[in-house]
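Trainee: Hi, I'm new to this one. Could you walk me through a few spots?
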Amino acid sequence: MDAESTQIQQAQLAAILGADPAPFETLISHLMSSSNEQRSQAESVFNLIKQNDPNSLVLKLGHLISSSVHQEARAMAAILMRKQLTRDDSYIWPNLTESTRSAVKNLLLSSLQSEESKSIIKKLCDTVSELASSLVPENQWPEILPFMFQCVTSSAPKLQESAFLMFSQLAQFIGETLIPYITDLHTVFLNVLNNSSNPDVKIAALSAVINFIQCLTSSSDRDRFQDLLPAMIRTLTESLNSGQEATAQEALELLIELAGTEPRFLRRQIVDVVGAMLQIAEAERLEEGTRHLAIEFVITLAEARERAPGMMRKLPQFISRLFANLMKMLLDVEDDPEWHSAEVKDEDAGETSNYSVGQECLDRLSIALGGNTIVPVASAQFQTCFSAPEWQKHHAALIALAQIAEGCSKVMVKDLEHVVSMVLNSFQHPHPRVRWSAINAIGQLSTDLGPDLQIQFHQHVLPALAAAMDDFQNPRVQVCDQAYLLHYLSKYDLSGSNFQLVIRLIEQEYRSSFHFLQAHAASAVLNFSENCTPEILTPYLDGIVHKLLLLLQNSKQMVQEGALTALASVADSSQEHFQKYYDAVMPYLKVILENATDKSNRMLRAKAMECISLVGMAVGKEKFKEDAKQVMGVLMSLQGSQMETDDPTTSYMLQAWARLCKCLGQDFLPYMSVVMPPLLQSAQLKPDVFITSADSDNEIDESDDESMETITLGDKRIGIKTSVLEEKATACNMLCCYADELKEGFYPWIDQVAPTLVPLLKFYFHEEVRKAAVSAMPELLRSAKLAVDKGIAQGRNESYIKQLLDFIVPALVEALHKEPDIEICANMLDALNECVQISGSLLDERQVRSIVEEIKQVITASSSRKKERAERAKAEDFDDEEGELLKEENEQEEEVFDQVGEILGTLIKTFKGSFLPFFDELSSYLMPMWGKDKSAEERRIAICIFDDVAEQCRDLALKYYDTYLPFLLEACNDENTDVRQAAVYGLGVCAEFGSSVFKPLVGEALSRLNVVIRHPNALQPDNVMAYDNAVSALGKICQYHRDSIDSAQVVPAWLNCLPIKGDVIEAKAVHDQLCSMVERSDLELLGPNNQHLPKIVSVFAEVSSLYWQGSCLGANCQSNGKFVEAATTDTASSNPGLHVVVLAASAAAGVADNSLNVVVVTDDACSNS
């Protein structure tokens, strides 16, 4: 900037900051200008002042707030002041002089007292609260709390309200600093809620009370506010009784927040509180919004199961009332003519807000309370509805049935016949909306109650759905309900010649409704087939495919789209069985793909892509490859065209390419140069996130984009465009798919994909994006390693793999540390495990240490969560239903422990003895997992980790035997079969590698193994794996500690346990051991006079038979392909002239005729053989 410009700018700033307030106010008004240029210039000047003279800036803002006659200017100044005093990048308080700070405080408080505009007062309260939250904890604003208490006791409602608004925010920001004033606050709150006549003051006080209760960590402190609860509810009811529903709705929203965060605070008075809410919900004179909020309160209370488990299930009378109210809301549906038009955009026609809220709340209620509570209540309601003449009640019952299925699935699946018959009976109802809801219910039940529904009732459901797709053959409805017909006739003028016209219009309307039903029936086929095995589906394929092909020829796009989706699902479920229909189906699909080019047909074309790719995957490469070339030509053409941002083709094409890759394998590589650029572009999409103040007058515009969702977090309103997130998630999943399928063929893209996906390990806007990124990490490493190993990595060597490893592993570890979702934590551990397996010793000590440190954190966090659940189980309202939910949560938690065991096992196998220092560090975390108070899965994992140490570290692990073997021996007789299996396997390992350290324990080990082997149910499916491992351990004791046992007793006992058939790995080892013992003519094995030889022969025979049947239980024995001579000198001497030769079958001796021959020959025969 030249000198002249600098002088002009300085003069301008001097004028703005001079004594005359007008220039500064003009600047503030320009910041609100609709002119981008003017606003941009004003922002530059404002920021320049902030940078060069922050003291003058805040003083000017303060004076403008207190003295401007223009309300807009005062409001804007208050907003700007708050931004400068908020602890973020704009925070300038530390840069102000002490005199400026004092002046700002005084200006803010005096403005609060003098301001008359409610909206500006609220902004000032926000500003004061923001500043106080920074200063009060440091005792830098001692005047503020006395000022607030003074305002609370003021006679001016405006000041009272202001004080409570500030108390409310400070309770959120720095609640702990207010706890010393708990007695004074209780008195103030109680007095105002009971005695104030001003509704605004009472709402502000209610907000303050609720926020203060939430900041209290002590239950005894919260209990001191129990006596306020009646007054809090009275604040709500008095507003309703005086017709102030807007105030009542504010109160309800505050109480909903309390129900979600501190439900147990309500427990002592739960009957009165919930009763009051249900009265509001049932009061038809009130606005829908008010009634919906009352319902939301009760639903929120039901959902707060982590803080108040089982509490709402103790109120069955209220559950029944709530359910009845929600069912009544489902009756609020109009038979809108647009619904019958068979257009997707009209599928919700006639549905009111009552109907939508009722649907959503039934779903949430059933998930929150479970089937044992909901199903009895629902059954009584459904019975009444199905026996009523009104179609709306039938429709409501079917919609409700579909909505509760997810939450009640465990109970409903026990009475499937009744559930299915209720729905199928409605397939013949005269009203199309009832038939539609029946089809909808079958589709939803197929998802929520599958695969039980498919297995037990496919013979009823599939024919019913096929019949529903036949409706186009009978387009005219024979209306049985005269009132229903009159309803339609009443819309038309029936005089004179209009009669025939009206009849045709009615026919057309009903014909359209049948199209709607056909499309929905096809969609239900999709839901049903997703949980179907090919065996269930195949008998029905002829009829289903024929009907779906007929629907493809329908003139209605909605019907065609439904048929395409159903065909895709049927092909996917039936797999190679679909080859029979390929030649009939594919021509239709290609015609749609090539000709559906209009904008109105975009979704139809997208569905055709989906269907073609799934059909191709089902029938396989050989059948599909010729058509695949043509299809990919069309896709490549589309890929190169300009598509609008809302075109569904993009997302569908991403997935279609990936399926084609799975189908064609390496033959897909030539197309990757076309596929990858737009795929990477989609994966790199930035989320459209809009953040405003929660109390901002500028709402995030959702009207033009249904994919925009908003949430409020604290004082911020966040809007996220979910369509962008979905596209991003799809693209990330596809990248993972390509890496997995193409292996080393994906190598050329690793350098672009890795920097794209690694940062997405911490993409917290969308779980599916994170999951895809996590899954891709080992696939990228594997691709790189295979490319290097096969010499196709363009000259790169192992150092490239190391470089990629150094990029991926630290990022995975860091993401694991911050991951909030338990399932994704388990996925990350699994991915880390795979990375270690792939990279092996390339992992350096620093990386191993980071993994070990994170494992410690994972174990600690998981244990803490389990303790929290254990505390929940002690709650006074805890019940069986809650116990089931808790069990599911703990099972998910055990998946984390399982993955911890897997990755530690891999590290031990990879680094062996050099990992032992890390194992020593982990011991304090692992030892508690052996405790009887831990779950069976935790005990099993702890045992497996020690098994790995003993097996991989051998002599170096002997020092741990004294500590761990007593636990191992005790666990051999654990009540859980998986724990027993791990323990007896460990005994076998210790017997093999424990040398003299194990010798003193041989006797006890035999005793423990004997209990497992001789258990009456040892060979039951649940126990056979433990049995097989016990037999294997017994064999190792026979092999390595023969001198410490009575071998004449133990070895035959071991032989009598053979063959073992459950654990294939142990079976091979054990049968190999048997072969070796036969080869060396083991005396104890053969027994006196070869008396055990028949048993040996029968074992070989059975193993041989199983081997040739494909069970692979044979041994990899050195005697393959030759006779195993079982005769010994003793045998020959005791049986003169007799040699016994065992021809070992299959794996034991290489016989290829599925037999084992015992050849008994004389001396003469032997001499000739």
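This is a predicted model: local features need pLDDT of at least 70, side-chain atom pairs count only at pLDDT 80 or more; totals for chains, interfaces and linings use all residues.

Trainee: Great! Where is glutamate 161 found?
Mentor: Glutamate 161 sits in helix α9, which covers residues 157-178.

Trainee: Is glutamate 161 buried or exposed, and why?
Mentor: Glutamate 161 counts as buried because its relative accessibility is 18%, and the cut-off for buried is under 20%.

Trainee: What does glutamate 161 touch?
Mentor: Leaving out residues up to four places away in sequence, glutamate 161 touches Lys118, Asp200, Val201 and Ala204.

Trainee: Switching to α4: how many residues does helix α4 have?
Mentor: Helix α4 runs over residues 54-67 and has 14 residues. From first C-alpha to last, α4 reaches 20 Å, close to the 20 Å expected at 1.5 Å a residue.

Trainee: And which residues in α4 are buried?
Mentor: Among them are Pro54, Leu57, Val58, Leu61, Leu64 and Ile65. Lys60 in α4 is buried too.

Trainee: Now the rings. How many aromatic pairs does the structure hold?
Mentor: The structure holds 23 aromatic pairs. One of them joins phenylalanine 915 and phenylalanine 918, a tilted pair at 5.6 Å centre to centre with 35° between the planes.

Trainee: Are those two, phenylalanine 915 and phenylalanine 918, buried or exposed?
Mentor: Phenylalanine 915 counts as buried at 2% relative accessibility, and phenylalanine 918 counts as buried at 7%.

Trainee: Which residues form an aromatic cluster?
Mentor: Phe919, Trp930, Phe946, Tyr960, Tyr961, Tyr964 and Phe967 form one.

Trainee: Last one: what lies over the face of phenylalanine 763?
Mentor: That's lysine 728, at 5.2 Å from the ring centre.

How values were computed: Residues are numbered from 1 along each chain as its sequence is written. Side-chain values use heavy atoms; hydrogens and water are left out. Helices (H or I, at least four residues) and strands (E, at least two) are DSSP runs, numbered from the N terminus. Buried means under 20% relative accessible area, exposed over 50%, partly exposed in between (1.4 Å probe, protein chains only). Contact means heavy atoms within 4.5 Å. The expected span of a helix is 1.5 Å times one less than its number of residues. Rings of Phe, Tyr and Trp (its six-membered ring) pair if their centres lie within 6.5 Å; planes under 30 degrees apart count as stacked, over 60 as edge-to-face and the rest as tilted. A charge sits over a ring if NZ of Lys or CZ of Arg is within 6 Å of the ring centre and within 35 degrees of the ring normal.
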